[in-house]
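The sequence and structure come before the description.

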Amino acid sequence: MTENIKFVQGNEACVEGALYAGLDFFAGYPITPSTEIAEHLATRLPRVGGRFLQMEDEIASICAIIGASLTGHKVMTATSGPGFSLMQEGLGFAVMAEIPCVIVDVQRGGPSTGNPTHVSQADVNQARWGTHGDHAIVALTASNHQDVFAMTVEAFNIAETFRTPVVLLLDEVIGHMRERLTVPEPDVVPVVRRLRTSAGEGVDYHPYLPREDGRLPMSDFGGVHRYNVTGLFHDMWGFPTDNPRAVHDLTRHLVDKIQNRVHKLARFKEYYLEDARILLIAYGSAARSALQLVEQRRSRGERIGLLELQTLWPFPSGLIREKCADARYVVVVEMNMGQVLREVKVAVEDQEKVFLANRIDGSLINHHDIMNILRIIQSKGV
Amino acid sequence: MAIKDYIRERFFPHIWCPGCGHGIVLNSLLRAVESLGLSKNEIVMVSGIGCSSRISGYVDFHTLHTIHGRALAFATGVKMSRPELNLIVPMGDGDALAIGGNHFIHAARRNIDITAIIMNNRIYGMTGGQFSPLSGFGSLATTAPFGNIDHDFDIVSLSKAAGATFVARTTTYHVRQMADIFRQAILHEGFSVVEVMSQCPTYFGRKNKLGSAVDMMEYFKTHTTPVGSPSKEKNPDLIERGIFIQQDRPEYCREYEKIMGRAMKGI
């Protein structure tokens with residue numbers, strides 16, 4: 001069989017991944033640089049029996065996909081920083097009510113309207129801390145289109161497995177850049193189907209009573225089980241409660257179901273780490289530049305390597321600690337003021353060896369930028 | 001099916017104050033659902049935040065209690081993904097028309113088949129009596145201690161202008177009319193709006209010296225008149241109640257089904 005090879009934007013790679021994972025409901029609102037995701041899905045979804053909605057704003061978009069997820073659909077919305085800000089309350093609802101959904105944020109410069117057509121990676125913390133209240137979140141990212149595809153499928157799989165919203169943090173360069181994508185044949189990449197209750201009609205179904213393995217089987221809204229879903233703290237029936245024990249237990253559950261699985265959720269790639277004295281940590285489009293530099297310096301015999309993060313949240317602190325243990329210098333490469341840097345500093349044993357190589361001017365950080373920082377770190381002068 | 005079979009008895013008593021009009025709305029709504037012979041599995045009730053929105057917890061349908069102002073956006077997702085379900089969205093006046101005003105007009109514009117019920121008690125009750133977009137000029141509230149200078153919406157005119165294809169108004173005094181209007185609103189294929197003038201004796205009534213719940217309902221009796229009644233000409237201050245708009249216009253989900261048909265054929 002001929003391979004299904006495409007030459008596409010990253011936003012289209014995301015669309016391909018979503019459809020591969022079974023996306024059949026999308027609601028969104030136009031915003032640069034994510035709009036192509038909506039545009040392509042407006043054409044693609046109805047062709048496969050799925051539904052596309054353009055809503056009145058991003059608030060409505062996330063609310064609509066949560067509603068559609070409840071009826072048993074695989075759902076997604078896509079936006080950029082300002083729209084992601086508007087989605088935060090809805091995101092919190094999906095966390096609290098444990099509704100699987102995928103939120104794509106193709107990052108641009110901010111705050112506010114910022115730098116709409118230029119690249120940034122400054123929403124890392126918004127993804128983690130944007131909604132109020134104690135909670136945990138899963139956020140994935142990718143640096144090339146094959147990985148955008150893979151991480152989009154992962155996002156759906158994780159959302160279904162853990163009944164949680166998953167944020168896919170792309171950036172403007174990845175979203176708009178064109179490169180090769182090979183779409184795998186169906187069933188080559190594992191796709192997690194929704195876990196539905198085995199309870200039949202007339203049998204009590206408790207939407208928030210975990211099975212022995214901790215998972216919460218769902219029952220489609222509009223099906224045979226009628227139950228309540230709320231953003232209030234709730235009991236196993238989904239009915240509101242302010243019972244201190246129930247509130248405590250649910251808070252712990254929402255945090256622990258993610259934070260206790262940091263290792264299981266960690267997706268990353270490593271390049272030349274075995275003997276690396278200089279360790280670059282990067283993600284998204286910045287990782288491409290970091291890899292270019294690493295390969296350049298390696299060809300000159302320098303002991304330098306790259307750890308590319310694909311899971312940003314829950315932050316893989318243990319992995320970072322382990323990989324950084326033998327490095328003399330750790331340089332975090334990112335297009336923000338040090339949002340992942342901060343996490344790396346907390347994770348490693350010696351904070352003094354951790355440095356930041358960043359750009360915050362809307363331009364893609366390149367290998368020269370990183371090299372200049374390396375020279376300063378190594379006291380070689382620029 | 002008996003009315004009580006539509007209720008989740010285990011979740012009572014309800015949270016509403018003595019004299020609150022919202023229980024009357026619940027009563028009429030359940031009578032309407034019963035008279036239509038709808039199965040409980042066919043109904044999804046989506047609500048937002050506020051006193052009125054707690055109604056969803058008490059009924060034995062599929063119930064989704066969401067966030068403030070966004071009930072119609074959630075309901076749009078439910079309806080679009082399962083168009084065969086009946087969507088009922090009860091909201092308070094602040095929930096529907098202040099924080100949720102944008103979703104309200106756009107749901108109306110799309111003419112998506114959802115029944116929106118606005119339980120209009122002209123106040124934010126759950127937070128203790130602040131003025132809403134329906135309180136009206138000159139009314140008193142905890143956040144309008146010197147009199148409200150915000151003018152109110154006319155829900156009927158707003159809904160009509162936004163494109164709702166079924167628009168009605170009734171009151172908690174007119175319980176039989178309310179049940180009948182709910183029936184027709186649920187049967188209507190398109191976006192239906194039912195404004196129910198409801199009383200909040202605890203906050204709106206007390207702040208504005210309107211007397212007891214019974215006095216407030218008596219006011220609904222004496223200050224309203226059926227749509228098109230000659231008494232409105234004699235006394236323009238009377239508020240009309242009944243069905244104002246009932247028309248056919250392409251319904252959103254049905255239109256999308258056509259889109260899917262065209263897309264699958266590659267047209």
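## Sheet and chain contact

In chain A, 5 strands form an open sheet with mixed pairing, in the order β11-β13-β12-β15-β16. Its edge strands, β11 (268-271) and β16 (354-358) of chain A, each pair on one side only. From one strand to the next the twist averages 20 degrees. Strands (E, at least two residues) and helices (H or I, at least four) are DSSP runs numbered from the N terminus, and two strands pair if DSSP finds at least two bridges between them.

The model is predicted: local features need pLDDT of at least 70, side-chain atom pairs count only at pLDDT 80 or more, and totals for chains, interfaces and linings use all residues. Residues are numbered from 1 along each chain as its sequence is written, while chains are lettered from A and ligands numbered from 1 in the order in which they are written.

| Strands | Sense | Bridges | Facing residues |
|---|---|---|---|
| β10(A) (228-230) and β2(B) | parallel | 3 bridges | N228(A) and T63(B) |

The contact between the chains takes 34 residues from chain A and 32 residues from chain B; two residues are in contact if their C-beta atoms, placed from the backbone, lie within 7 Å. On the side of chain B that touches chain A, β2 (62-65), α3 (71-81), α5 (101-110) and α11 (252-264) of chain B each supply at least two residues. α3(B) gives the most to that side, with 8 residues.

Note on methods: Axes fitted to C-alpha atoms, helices over the stretch in contact; angles between N-to-C directions.
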